[in-house]
Amino acid sequence: MHKLTLPLLALAALGLGCSGPVTSYGNAQATETVNADFGSTDLQMIADKMVASLMASNRLQPDPADPGNPPLVSVTRLRNETSEHIDTKSITDKIRTALIKSGKVRFSGLEMQGELADQYKLQGIMADSATQKAAGKQIGSKYILNGSISSIVKQTGKVKDVYYKITLQATDIESAVIVWADDVEIRKDSVRRLFGA
Amino acid sequence: MGLARCRWEGLPRIALCLLVPALGAALAPPARADHPREVRRALDGLRDGNLRRAEQAFLKTAGRPGADQLLAQYELGSLRQMAGQFQASLELFRSADAVARGYEGRAVLSAGATGRGAGALLINDRVQRYEGSGCDKVLARTLNSLNYLMLGDLESARVELRKAEEYQRLERERSRREVAGPARVRPDDPAVAAAYGRMFDSVRNLRNSVENAFTCYLTGQVFLMRGEEGLNDAMVAIQRAYELAPQAPAVRTAYLEIARRQGGPAWDLAQARLGRDGAPAGPGGAPAVPVGGALVVCYQSGLAPVPEQVKLTLPVGERLYSLAFPIYNGPGPAQPPLELRAAAGRGAADVWRTAPVLDTRALAAKALQERLPGILTRGLLGAIAKGAVQKESEDRYGPVAGFLTGVAGYVLTSADRRAWLSLPAEIQVAQGELAPGRQTVQLRGPDWTGAVDLDIAPGSRTFLLVRAFPGYRRIDARTFLAAVSPPARPELPTATPELPPAGAPGLVPVAPGLAPVAPGLVPVAPGPPPVAPPPAASGPPAVPPGPTGTDPAARTPAILQ
């Protein structure tokens with residue numbers, strides 16, 4: 001019996017040593033192919049292509065009322081028309097950040113109106129009148145950026161095919177003219193492995 | 001189980017053959033008690049209306065990977081919804097979805113699955129992982145869309161219903177590829193054939209276990225609220241609902257409502273189709289466009305069926321083989337409709353009744369019918385495997401060992417009766433229009449009454465979610481205000497034959513609205529919804545106990561808004 005003791009102890013130690021999670025840092029830009037669901041690579045691909053298209057189009061012109069500054073844009077969330085719960089705010093956030101970094105566009109903090117209102121109220125009470133910021137001086141946006149993401153899913157046996165289409169458009173708020181639009185298409189296939197653990 | 005060749009000279013073989021099943025029957029508890037302990041606990045809790053007690057049966061299983069994790073999360077998700085904890089419920093359903101998708105993506109041949117399969121042969125099917133049927137997945141998505149709906153998140157509700165439609169579409173495609181035939185799955189044994197024959201007869205009219213009219217009806221409602229952009233999707237869904245449940249007045253009402261909004265040919269086609277099917281399609285004139293708000297009632301009544309077990313001992317040659325199969329005993333009694341009456345106004349005299357659009361008992365029986373070939377094959381292979389083990393035991397260690405192995409095999413032979421127990425037996429719907437203003441809607445169930453105060457605005461849509469079974473009931477409501485005025489199309493009639501005439505006061509209340517920021521409908525700012533905090537890391541939040549008093553009035557559920 002004692003002949004088995006050492007191997008058993010070694011196995012137990014190995015088992016205990018392997019029982020915890022292994023954590024490491026990865027490359028955020030690396031291609032993610034865990035499955036066919038919407039993932040980080042898709043988000044980055046959409047943002048990169050949309051920003052490149054919008055910048056290359058040169059369709060967003062400064063507001064005549066404020067010619068010295070880049071045009072002000074409001075962005076709304078992408079409508080999610082897929083069968084997955086996708087954080088579409090992450091997509092618009094990434095696009096907005098890239099556009100702001102380009103210096104050719106400014107963005108309105110439309111989604112922060114509630115917090116801004118709180119600040120106006122708070123500053124009206126607490127702040128020095130010389131530096132107090134009050135409501136009514138926001139700059140009106142010239143364009144609004146919105147869009148949608150939709151998908152078509154097909155599945156037969158082991159194969160799953162997912163097609164995503166992301167459409168984005170910029171509309172001149174005053175004239176209601178759509179001055180720019182583009183879409184990005186992504187197709188992903190996944191095949192169930194034949195053998196696995 | 002196989003009974004070994006009898007070598008005891010003083011004991012006739014036939015006596016031993018009779019002794020084994022008798023001993024097995026003596027060891028086996030009666031049918032209901034034969035369920036695992038946690039299932040008995042859950043059933044006791046549900047039958048007492050004590051959700052906390054029912055929940056306790058699933059908490060541990062839901063929190064750790066295991067054969068029953070998915071089922072336990074489904075159970076907890078529906079229990080939380082029953083308790084009005086919509087946020088906690090949707091998080092559980094999302095967790096269950098992640099588990100189910102992990103199962104769907106696994107390798108076709110895996111060591112784990114092979115091991116579980118071998119274990120199932122030697123023990124029983126309960127060793128197998130519960131991976132959820134297509135029916136389960138569609139219902140989980142549908143119930144989760146109700147969670148989002150009650151929380152005012154229409155976009156996420158649509159996501160859930162699109163996924164449910166994906167599952168239904170896959171099932172439709174699979175059904176087209178396969179030639180279904182109940183006769184080919186019936187075993188030869190007359191008793192089993194008779195038992196399953198009754199079950200099959202009860203589901204003969206169902207296409208499959210996945211498609212159901214409630215999911216389609218709800219899809220139509222949710223896409224309808226998207227405004228003009230959602231009308232096509234709403235029409236596709238409601239037409240499918242009509243194909244599945246043409247008898248439900250609410251489905252016809254929704255069909256006509258969507259057709260009216262689409263106008264032109266769509267309206268003509270809807271009128272013609274309903275007329276051809278003999279359904280009342282509404283007055284031929286041109287009633288005014290609704291001036292009130294729509295009320296959609298989703299009534300979940302009763303509890304899902306609990307599968308029972310058929311256990312047979314079949315003599316084959318010199319051995320006895322025992323087989324066990326799950327079975328649903330009959331379709332069950334029809335659930336009485338819920339009656340709704342507007343307490344004031346011209347609609348006061350009118351009573352609406354819900355009509356069934358989903359029968360989980362039938363769907364469960366259909367799902368079992370679809371799985372039966374595999375169950376029978378595994379059962380037969382398991383019996384052969386146990387017989388081989390018994391023979392080996394007898395050959396090596398003597399007849400007593402063989403006999404004991406046979407007894408053990410008989411006792412272990414058990415049907416896989418795992419099922420989603422907290423689902424309703426039926427889902428019934430009603431739909432109508434209520435006049436603007438504060439309305440009190442009286443509800444009358446089979447043995448209870450209740451009332452809801454609703455504030456109705458023109459163009460609004462209110463969802464009333466009613467869950468009731470003996471010992472428990474709860475009513476929740478959510479109103480979505482019209483962000484834009486409904487388009488005036490006086491040339492198109494509105495036809496809701498079973499409802500009060502347009503303009504009559506009805507049911508619907510609504511709080512002062514939110515700013516119209518998007519087309520379609522926007523959720524009314526909720527009152528203090530009884531939503532539980534999200535599950536803690538150590539486990540999901542507790543479900544409050546169900547009503548325990550004996551006074552029916554005291555058991556009246558929370559009424560919101």
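**Exercise 1. Where in chain A is the place of A:Asn58?**

Solution. This is a predicted model, in which local features need pLDDT of at least 70, side-chain atom pairs count only at pLDDT 80 or more, and totals for chains, interfaces and linings use all residues. Residues are numbered from 1 along each chain as its sequence is written, chains are lettered from A and ligands numbered from 1 in the order in which they are written, and side-chain values use heavy atoms, with hydrogens and water left out.

- Step 1: A:Asn58 sits in the loop between α2 (40–57) and β1 (72–75) of chain A. Helices (H or I, at least four residues) and strands (E, at least two) are DSSP runs, numbered from the N terminus.
- Step 2: Its relative accessibility of 54% makes A:Asn58 exposed. The classes are buried under 20% relative accessible area, exposed over 50%, and partly exposed in between (1.4 Å probe, protein chains only).
- Step 3: A:Asn58 has a phi near 55°, a positive value in a residue other than glycine. Most residues other than glycine have a negative phi.

**Exercise 2. Find the loop that holds A:Ala176, and check its phi.**

Solution. 

- Step 1: Look between β5 (159–172) and β6 (178–191) of chain A.
- Step 2: Phi of A:Ala176 is positive, near 65°.
- Step 3: With 58% relative accessibility, A:Ala176 is exposed.

**Exercise 3. Describe the surroundings of A:Ser141.**

Solution. 

- Step 1: A:Ser141 lies in the loop between α4 (113–126) and β4 of chain A.
- Step 2: A:Ser141 is buried, at 19% relative accessible area.
- Step 3: Beyond its neighbours within four places in sequence, its contacts (heavy atoms within 4.5 Å) include A:Leu72, A:Val73 and A:Ile173.

**Exercise 4. Characterise the contact between chain A and chain B.**

Solution. 

- Step 1: Chain A gives 21 residues and chain B gives 24 residues.
- Step 2: Three salt bridges cross the interface, a salt bridge being a side-chain nitrogen of Lys or Arg within 4 Å of a carboxyl oxygen of Asp or Glu.
- Step 3: B:Arg101 pairs with A:Asp37 in a salt bridge, with the closest N and O atoms 2.2 Å apart.
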